[in-house]
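Thanks for asking me to look this one over.

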Amino acid sequence: DNVPWGNATRDEAIKRAAGSHLWWMDDDDVATPDALAIIREAVTLDPGTVHIFKMDRGREGILWDNPEVVLSHIGGTMCVVPNIPGKLGSWVHTKHEPPGKAGDYEFITGTLELLGREPIFHEEIIAVIRPE
């Protein structure tokens, strides 16, 4: 079953976004109380790169455990990217199985490649996924 996971919608939203940076929150995500302040501070210090924060997945633990971009260990909710037209990846890919499920990873790796920069990893948790 090929569930689109909102990937095409995200690609369309990117085209309309006017802010300096992009951050995604799904319907089962909740930002931590200080998330925006943490994000603003990080992007002020280095506005032209991808910032990857941690997210709390409840019983499934905290992502990331190692500061590296790895399939199934990267979620859009933990990433803040500069909104630079022509330097953003795409959410709609079929390189990984199941098709569409790896959209977060595809977007982030595509954006990093287009920017030609490594991400900056941050220890702060900015979101809780499926809070209990």
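The points below cover the packing of this predicted model, then its aromatic pairs.

1. Let's start with the main core. The largest nonpolar core has 20 residues, and I14, W24, I52, M78, V81, F107 and I108 touch the most other members. Elements giving two or more residues to this core are β3 (51–56), β5 (79–82), α3 (103–115) and β6 (120–129). Helix α3 gives the most, with four.

2. F107 deserves a click. Its relative accessible area is 0%, and beyond its neighbours within four places in sequence it is in contact with I14, W24, V81, L88, G89, S90 and W91. Another core, of eight residues, lies apart from the largest one, with A35, F53, V80 and I126 among its members.

3. Which residues of helix α2 (residues 35–45) are buried? They are A35, I38, I39, A42 and V43. These fall within an arc of 120° seen down the axis, so they line one face of α2. R40, E41, T44 and L45, on the other side, are exposed. Cover for the buried residues includes β1 (21–23), β2 (29–31), β3, β5 and β6.

4. Now the rings: there are two aromatic pairs. W24 and F107 are edge-to-face, at 5.0 Å centre to centre with 70° between the planes. Because W24 sits in the loop between β1 and β2 and F107 in α3, this pair ties together parts 83 residues apart in sequence.

5. The other pair is W64 with F121, also edge-to-face because the planes are at 80°, with centres 5.4 Å apart. W64 is buried, at 5%, while F121 is partly exposed, at 21%. Have a look at K54 too, which lies over the face of W64, 4.5 Å from the ring centre.

Definitions and conventions:
Residues are numbered from 1 along each chain as its sequence is written. This is a predicted model: local features need pLDDT of at least 70, side-chain atom pairs count only at pLDDT 80 or more; totals for chains, interfaces and linings use all residues. Side-chain values use heavy atoms; hydrogens and water are left out. A nonpolar core is a set of buried Ala, Val, Leu, Ile, Met, Phe, Trp, Tyr and Cys residues joined through side-chain atoms within 4.5 Å. Buried means under 20% relative accessible area, exposed over 50%, partly exposed in between (1.4 Å probe, protein chains only). Contact means heavy atoms within 4.5 Å. The arc is that of the directions from the helix axis to the C-beta atoms. Rings of Phe, Tyr and Trp (its six-membered ring) pair if their centres lie within 6.5 Å; planes under 30 degrees apart count as stacked, over 60 as edge-to-face and the rest as tilted. A charge sits over a ring if NZ of Lys or CZ of Arg is within 6 Å of the ring centre and within 35 degrees of the ring normal.
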